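Keep the 3D view open and find each residue as it comes up.

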Amino acid sequence: MKAAVYDQPGPSNVLKYRDVADPTVGPDDVLIAVEAISVEGGDLINRRSTPPPSHSWIVGYAASGRIVEAGVNVQDRKVGDKVAGFNMQGSHAELWAVPATRTWIQPSGVDAASAAALPISFGTAHHCLFARGGLRRSETVLIQAAAGGVGLAAVQLAARAGATVIAVSSGERRLSKISELGANHVVDRRSDDIVEAVRDITEGKGVDLVIDPVGATLIVSLALLAPEGRLVFVGNAGGGGLTLDLWPAMQANQTLLGVFMGPLFERPEVHSTVDEMLQAIVARELQVLIEKRFPLSQAEDAHDFAEKAKPIGRVIMEP
């Protein structure tokens, strides 16, 4: 099969389009003939900074396609099913073997690109907002990096739940789209003093919940929390160390909650929320935004665009 692989970490040009061996299908796995690949933030971080454990390593967390083989232990998936999948590597390829428990049936009415992009971004946002963040109707939530995959999902889900949504991003095009998706207030991180703007919006009270996928913004996020507020930090897209003075948070009885989704998607309560959100796409209650599509043979260009163009929504590759 063809795949986008790398032999050493580095910029996007370390990716090479090569012939590699087809993946081995374990007894609990399904083999997917890939139709769409979602370029995730973790894919970019891994390619940049993680030495591959073997030659011609295939990066990639998320894809969708049709099952062409099922392991002997697989009972609830069959050849011919269209599915979305998640795994810690291997999606940047024509064929992808993943545990059946890390797949979701792609409903009729959901295209391959949306199916590939939804599980990680929307699944992560849902878990951060509700399972960890405990967001309730009428509360105020602030979403950092609101034009990213998790941010766009969080804006929609929080608005759908009846919360007041404050979204932080930059640029008129991004802020306009975020408003269309349900944000009540948008703050331009380039031109606005975020702390001052949010204090004005909340009349000095601060926000009940912050969702922060950036890491480098944690100090600001803490400064925006109301007493007894909750901060959910998920990932470190900004890079660098995460050093905080937690004394003020303790004095204000605030709660900090970390989220790493990798091991969580197989939990029944998490897995089922992705199924529900796929159905919400069918009902047009949620939107998966796709910024640009590339052939898999141009994986270098796709990664470069995802890193440098600041897209609104996901970059998709197609074998």
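Start at helix H5, which covers residues 194-201. Asp200 has its place in this helix. The model is predicted, so keep that in mind as you go. Is Asp200 buried or exposed? Its relative accessibility is 56%, so Asp200 counts as exposed. The cut-off for that class is over 50%. Together with Asp192, Asp193 and Glu196, Asp200 forms a negative surface patch.

How many salt bridges does the structure hold? There are 16. We will visit some of them.

Go to Asp7 and Arg18. Their side chains meet in a salt bridge, with 2.8 Å from N to O. Where do the two partners sit? Asp7 is in the loop between strand S1 (2-6) and strand S2 (16-19), while Arg18 is in strand S2 itself. The pair therefore ties together parts that are 11 residues apart in sequence. Asp7 has 33% relative accessibility, so Asp7 counts as partly exposed. Arg18 is partly exposed too, with a relative accessible area of 24%.

Next, look at Arg293 and Glu318. These two form a salt bridge, and their closest N and O atoms are 3.0 Å apart. This pair links distant parts of the chain, 25 residues apart. Arg293 belongs to strand S15 (residues 290-295). Glu318 belongs to strand S16 (residues 314-318). How exposed are the partners? Arg293 has 44% relative accessibility and counts as partly exposed. Glu318 has 30% and also counts as partly exposed.

Move on to helix H9, residues 299-308. Here Lys308 and Asp304 join their side chains in a salt bridge, at 2.9 Å from N to O. What separates these two along the helix? They are four residues apart in helix H9, so about one helical turn lies between them. Lys308 is exposed, with a relative accessible area of 62%. Asp304, at 26% relative accessibility, counts as partly exposed. Glu307 takes part in another arrangement. Salt bridges with shared partners join Glu307, Arg47 and Arg48 into one network.

Asp200 is part of a negative patch. Asp7 pairs with Arg18, Arg293 with Glu318, and Lys308 with Asp304.

Definitions and conventions. Residues are numbered from 1 along each chain as its sequence is written. This is a predicted model: local features need pLDDT of at least 70, side-chain atom pairs count only at pLDDT 80 or more; totals for chains, interfaces and linings use all residues. Side-chain values use heavy atoms; hydrogens and water are left out. Patches are made of residues with over 30% relative accessible area and no salt bridge: like charges are joined within 9 Å, nonpolar side chains (Val, Leu, Ile, Met, Phe, Trp, Tyr) within 5 Å. Accessible areas come from the Shrake-Rupley method with a 1.4 Å probe; for residues, only the protein chains shown count as cover. A salt bridge is a side-chain nitrogen of Lys or Arg within 4 Å of a carboxyl oxygen of Asp or Glu. Lys and Arg count as positive and Asp and Glu as negative; His and the chain ends are not counted. The place of a charge is taken as NZ of Lys, CZ of Arg, CG of Asp or CD of Glu. Buried means under 20% relative accessible area, exposed over 50%, partly exposed in between (1.4 Å probe, protein chains only).
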